[in-house]
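This report concerns a single protein model. Please examine the sequence and coordinates before reading on.

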Amino acid sequence: MDMTPFEQWESEVRGYCRAYPTVFATASNARQVDEDGTSYIDFFAGAGVLNFGHNNERMKRAMIAFLEGDGVAHSLDTYTTTKRDFIQRFHDVILEPRGMDYKMQFMGPTGTNAVEAALKLARLATGRSDVVAFSHGFHGMTLGSLAATANDAFRKWAGVPLENVVRLPNESSPGGGIAGLEAYREAISDPSSGQKPPAAFLVEPLQAEGGVNVASAEWLHAIQALAKDVGALFIIDDIQAACGRTGSYFSFDGMGLDPDIITLAKGLGGFGTPIAMNLNKPDVDAHWSPGAHTGTFRGQGLSFVAGAVALDYFTDDELMTQVQAKGATMRDKLEAIAAAHPGHGWEVRGRGMMQGLDLHDGALAKEVQRVAFHSGLLLGPCGTNGQVIKLIPPLTIPEDDLAEGLDLLEKAIAAAVSA
């Protein structure tokens, strides 16, 4: 197959194509097929965008009807029927049943745009500049969100200082947990510590790119309480872990948390078309003035249409019950794989259909990815040194494809270990 145009004329910055050296031609649900006809089971799903699979039929039909009816595809922040339908649907299906009162803010259509807007609003609302973020966190690649991102492999490309972020250890890191938060509380209470209260605490309940690190409800509540006590905002970044990934719409459902801002993107648009949205508490949102934060691609008509259809999956418990069952299947398989290789100390972490196997060896994880690809399975390592094999297949993956993919993973790991 001809890869010459990519290699000659596309930027050297391209990354995923180097791990998947083929040219994909078609895709359906949890499979992609290249132009030579080789079928791949997709356990990567667009880095968590394709929660409802490639070319979801229900969304595709709605989008085709929208296009054929000359729907408004681009609208900035003007009012359209499709945007109204999405807002009303999101309120009725997600917010109202949970008793959640939020304003919906649309910005540029990616997760990093959502984080940038959240940080700007937090600083505006509090008059403070510093934001607390946590080790192993990933929040985006633009400068504000990159400053909050912990991974030096990404940070080093900024070219300018990445400032106004206080880095605390996440719950599972040395010096973390409740004790770490209390130490920080004492520091900002001490007028001689050199520390000052932050504008916000930014945290992922489930760190995805950071290595599938799962935060406890107790620790998240401690962050929320600390934020409230020092007059800071509590921001939850749920960009990769929301939209049903963990077996409920939000990754923090059932924890009794009440964040000031929630950042959403990735699976929000359903079909894979771009959209990002922040949920802002009304009193926080009131600090915005009209036009204070803009973005050319805030009004993505196709994303509103597909995203409204995606919300149909949350009107009953059918899909979320399946996600919980499939997640258990994934976890059981990973634990069996870890047990089959004693002495390595491999760890299994995750919730729902985001599961990770920490191999403690980035080179080994990369070899697993390579072998898996040549076997017909798409994977994406993450975490420190890329040492965690992260599994995020579409939530709608057929059980046969899930079982086959897990078997391919098991064989790829065995082959990589023995190489």
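## Basis and confidence

The model is predicted: local features need pLDDT of at least 70, side-chain atom pairs count only at pLDDT 80 or more, and totals for chains, interfaces and linings use all residues. Residues are numbered from 1 along each chain as its sequence is written, and side-chain values use heavy atoms, with hydrogens and water left out.

The mean pLDDT (the predictor's confidence in each residue, from 0 to 100) is 97 for the protein, and 100% of its residues reach 70 or more. Confidence is lowest in helix α8 (residues 152–155), with a mean of 94, and highest in strand β10 (residues 233–237), at 99. Helices (H or I, at least four residues) and strands (E, at least two) are DSSP runs numbered from the N terminus.

## Helix α9

Helix α9 (residues 177–189) has 13 residues and should span 18 Å at 1.5 Å a residue; its end C-alpha atoms lie 19 Å apart, which agrees. The expected span is 1.5 Å times one less than the number of residues. The buried residues of α9 are Gly177, Gly180, Leu181, Tyr184, Ala187 and Ile188. Seen down the axis, these buried residues fall within an arc of 115°, so they line one face of α9. The arc is that of the directions from the helix axis to the C-beta atoms.

Buried means under 20% relative accessible area, exposed over 50%, and partly exposed in between (1.4 Å probe, protein chains only). Exposed residues Ala179, Glu186 and Ser189 are carried on the face of α9 turned away from its buried side. The cover over the buried residues of α9 includes β5 (131–134), β6 (165–168), β7 (200–203) and α10 (217–229).

## Helix α13

Helix α13 (residues 318–339) has 22 residues and reaches 32 Å from its first C-alpha to its last, close to the 32 Å expected. Its buried residues include Leu319, Met320, Val323, Met330, Leu334 and Ile337, together with the lysines Lys326 and Lys333.

The face of α13 turned away from its buried side carries the exposed residues Glu318 and Ala339. Among the elements that cover the buried residues of α13 are β13 (347–351), β14 (354–358), β17 (388–391) and α15 (399–418).

## Loop residues

Most residues other than glycine have a negative phi. Leu76 lies in the loop between α4 (57–68) and α5 and is partly exposed, with a relative accessible area of 37%. Lys266 is placed in the loop between β11 (261–264) and β12 (277–280), and is partly exposed at 24% relative accessibility.

Ala199, in the loop between α9 and β7, is buried at 0% relative accessibility. Leaving aside neighbours within four places in sequence, Ala199 is in contact (heavy atoms within 4.5 Å) with residues including Ala122, Arg123, Asp130 and Leu233. Ala199 and Ala227 are 28 residues apart in sequence and 8.8 Å apart in space, C-alpha to C-alpha.
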